[in-house]
Amino acid sequence: MFLPVNHVVFLLRWYFPHSIGPLKAAAFVSYNMAAPEPSRCCFFVQKKKRFCKMVAGKGRKYCGEHATMEEDGSGSRRIVCPLDPKHTVSEDKLQKHLKKCNSREKAKPVYFVENINAGSADGDETLRQVSLSELSRTELETLVDKLKTAFKGLQCDLEDSVQSHPALHHELHNPKNGDSAHKHLKQQSSILGHMEELGLLGRGRCFVEFGAGRGKLSHWIHEALKTCEHLKTCEDLQLLLVERCSTRFKVDGKHQDAGVQFERLQVDIQHLDLSKVPLLCEKKLPLVGVGKHLCGAATGQSEEEEPPHKRLRPSEPSEPRSGGGLRSAPTGCGPGPVLGLTVALCCHHRCDWRHYVGQQFFLQRGLGAREFSAFCRMSSWATCGLRPTNQRGDGEEHEPAEETDAVNGFLSASEREQLGRLCKQLIDHGRCHFLQMKGFSSKLTRYISSDVTLENVLLTAVPLTPHSS
């Protein structure tokens with residue numbers, strides 16, 4: 001509903017008695033309400049009591065935001081796209097648009113198998129995320145006691161092992177890199193150092209980077225393995241990047257002509273069947289899983305993955321077709337054997353019971369879905385309120401922890417931090433237990449100092465080497 005012009009003039013003079021005279025106020029009202037500016041949108045914004053100031057297209061009365069108000073030359077009205085309300089389309093061209101709209105449902109790739117890694121959905125309706133604010137002090141004390149009891153017999157103090165790799169030496173000392181870039185480089189360098197120490201960083205294998213983002217970790221793996229004699233061939237090195245979102249400024253695009261196979265899959269890990277990825281089925285190179293800050297439930301392993309009978313030395317080439325000490329490649333379609341895993345963990349508060357691979361570990365300690373959900377919430381105590389401002393929301397690294405469940409008056413900040421770290425470690429020990437049940441030797445290590453990132457725990461796993469003659 002419009003206000004009379006004289007009322008608007010009165011209000012303007014009331015709020016600006018010394019700067020706006022009656023003539024200026026009337027001119028202001030006339031300018032903003034009487035008609036839109038030339039080449040501007042003709043839509044009147046009721047809330048702001050003025051015309052829209054967005055530029056209208058040539059020959060158009062309205063801007064793209066308000067194009068639904070306009071009929072095109074053929075008399076067809078523009079309507080909101082039913083696939084994506086963020087854009088509009090001419091009503092008479094709707095069917096043609098739906099066939100090419102970027103928001104249309106696309107054919108699923110062969111490696112997409114819905115919820116293949118999501119776990120059982122049985123009883124999901126009872127697994128509502130526990131809110132600590134809904135629990136009484138007695139219930140919280142009981143949870144803390146259960147947490148401490150579950151930790152009996154487990155390693156509480158993780159080993160500090162900050163590694164480095166010469167491939168990143170130049171960039172680490174490049175003054176053009178800012179603080180944020182320098183912190184990421186330190187983490188990537190340490191991850192590569194751990195991979196080399198475990199014998200995982202070598203050619204003759206396929207590196208699968210989960211939660212790849214821009215693909216920086218794969219980039220440095222390639223740089224570490226790039227040698228003059230190997231630049232002419234891509235037969236013995238593959239890098240597969242898995243990321244569920246479309247990512248800008250990807251670095252893997254720079255390696256298309258670098259004599260190595262880079263491939264990117266845009267798919268959620270919970271729907272990814274590695275055994276059906278064409279790249280992995282072609283040469284069946286042994287697999288090494290890597291990830292830098294893999295959030296929440298994304299850390300897991302397919303039930304079908306098994307270790308090889310023998311680990312490779314960094315300098316030892318694999319022979320997937322003829323064996324040669326490494327387990328022969330599976331017959332038919334499917335990837336090669338798994339050589340190991342190196343994943344930096346984070347965001348435990350985003351885990352849920354259905355996706356968690358360590359359910360058996362929890363159940364053996366008398367814990368269930370409710371305790372797991374509470375521990376996930378409590379895990380944010382390890383970082384909430386403690387992360388410096390320049391470490392919050394650094395995009396590629398991880399999302400900020402939940403900071404809404406602090407229990408004031410019950411525990412001090414230092415006690416909450418300690419309990420939060422125990423929750424994180426208990427969840428991670430469940431992951432280690434799962435890997436051990438699958439024939440891997442797993443370990444948790446603090447791979448970088450906490451002043452670089454508070455999410456500084458690295459999960460590594462290599463196959464248990466059997467006795468052989």
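This is a predicted model: local features need pLDDT of at least 70, side-chain atom pairs count only at pLDDT 80 or more; totals for chains, interfaces and linings use all residues.

I started with helix H6 (residues 179-197) and helix H7 (residues 216-225), whose axes come within 10 Å and cross at roughly 55°. That angle makes H6 oblique to H7. I also looked up the handedness: H6 passes H7 in a right-handed crossing.

Next I listed who touches whom. From H6 I got Leu-185, Gln-188, Ile-191, Leu-192 and Met-195, and from H7 Lys-216, Leu-217, Trp-220, Ile-221 and Ala-224. Sorted by class, the H6 contact with H7 has eight nonpolar, one polar and one charged residues.

On the H4 side I noted Glu-139, Leu-143, Val-144, Lys-146 and Leu-147; they meet Arg-370, Glu-371, Ala-374, Phe-375 and Met-378 of H10. The class count for H4 with H10 came out as six nonpolar, no polar and four charged residues.

How big is the second largest pocket? Its volume is about 310 Å³. I found 18 residues lining it, and Cys-156, Leu-158, Arg-421, Gln-425 and Arg-446 are the closest to its centre. Which helix gives the largest share of the lining? That is helix H11 (residues 413-437), with six residues. By class, I wrote down six nonpolar, five polar and seven charged for the lining of the second largest pocket.

Technical notes: Residues are numbered from 1 along each chain as its sequence is written. Side-chain values use heavy atoms; hydrogens and water are left out. Contact means heavy atoms within 4.5 Å. Helices (H or I, at least four residues) and strands (E, at least two) are DSSP runs, numbered from the N terminus. Ala, Val, Leu, Ile, Met, Phe, Trp, Tyr, Cys and Pro count as nonpolar, Asp, Glu, Lys and Arg as charged, and the others, Gly among them, as polar. On a 1 Å grid over the protein atoms alone, a cavity is a set of points where a 1.4 Å probe fits but cannot get out, and a pocket is an open set with protein on both sides within 12 Å along at least five of seven lines; lining residues have an atom within 4 Å of a point. Grid points are joined across faces, edges and corners, and a volume is the space filled by probe spheres set on the points. Axes are lines fitted to C-alpha atoms, for helices over the stretch in contact, and angles run from 0 to 180 degrees between N-to-C directions. Angles under 35 degrees count as roughly parallel, over 145 as roughly antiparallel, 65 to 115 as roughly perpendicular and the rest as oblique. A crossing is left-handed if the near helix is turned anticlockwise from the far one by less than a right angle, and right-handed if clockwise.
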